[in-house]
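Okay, thanks for coming, everyone.

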Amino acid sequence: MIYTVTLNPAIDYVVNVDQFQVGEINRSKFDYKEAGGKGINVSRVLNHFGTISTALGFVGGFTGEFITDYLTSLNISHDFVSLQQDTRINVKMKSESEETELNGVSPEIKESDYKTFNSKIRNLTAGDIVVLAGSLPDSLPTDTYRDIVATLRQQGVTAILDSSGIPFSEAIKAKPAFVKPNNHELAELFNEKIETEQDIVTLANRFIKTLKLTMY
Ligand SMILES: O=P(O)(O)OC[C@@]1(O)O[C@H](CO)[C@@H](O)[C@@H]1O
């Protein structure tokens, strides 16, 4: 069975304006809301290609309800832990030439919430595949992905990771089966600048060599 984990999901509020102007009233010409967060997006794409997955993570409040209703309407199975505080709202402002994003504050994950989530992770078994994707909520420690990956590996579960910053550099120590750093994440990991395609290749090779991981 495939599972996706979105510890920090969001309602993505996508707003289209002609020319975004800072400090002015910008009027949307077309907008919509959808369930977002990188793990949920993986579940949506898998669903599009007819592959079943279950979305795990945390949702809360009316925004959390929007997310579960949205996934249910697409026939995507989900088993989130319910939080007291609202799931965040991320605003994606699309203008003619560029996109500006404003990602909201994550709700608090209490110790008891995390325990409930962790017991779901501990119930997974050999042969299962888990995609862990996106940022961590502020209330979770930066080694959270590392712990999850280590637990999954012990259980014979394949862990796939797409994250960034310290949570990513910590998690790769637990050796997930697959990772997918983009150019910014690679540069951040090695504290280097990427200016050319060759820089990407060089850092990617260094990454593969030093960490003995598979990269796509
Ligand atoms: O704040 P994070 O977790 O890094 O990213 C969250 C997010 O920006 O990533 C997805 C893909 O862009 C969106 O659906 C969502 O709003």
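**The pocket and its ligand**

So, the largest pocket is lined by 22 residues, and Lys38, Asn90, Lys92, Glu101 and Asn103 lie nearest its centre. By pocket I mean an open set of points on a 1 Å grid over the protein atoms alone, where a 1.4 Å probe fits, with protein on both sides within 12 Å along at least five of seven lines; lining residues have an atom within 4 Å of a point.

Quick housekeeping: this is a predicted model, where local features need pLDDT of at least 70 and side-chain atom pairs count only at pLDDT 80 or more, while totals for chains, interfaces and linings use all residues. Residues are numbered from 1 along each chain as its sequence is written, and side-chain values use heavy atoms, with hydrogens and water left out.

Back to the lining. S6 gives the largest share, four residues. By class, we have four nonpolar, nine polar and nine charged residues; Asp, Glu, Lys and Arg count as charged, Ala, Val, Leu, Ile, Met, Phe, Trp, Tyr, Cys and Pro as nonpolar, and the others, Gly among them, as polar.

Now, where does the ligand sit? In that largest pocket, meaning that more than half of its atoms lie within 2 Å of the pocket's grid points. Helix H1 (38-48) and strand S6 (88-94) each give two or more residues to the shell around the ligand; helices (H or I, at least four residues) and strands (E, at least two) are DSSP runs, numbered from the N terminus. S6 gives the most, with three residues.

What about polar partners? Ligand oxygens lie 2.7 Å from a polar side-chain atom of Ser135, 2.8 Å from a side-chain N or O of Lys92, and 3.0 Å from a polar backbone atom of Gly37. For a polar contact, the cut-off is a pair of N or O atoms within 3.5 Å.

Terms used:
Polar contact = N/O pair within 3.5 Å; in protein donor to acceptor, adjacent residues only side chain to side chain.
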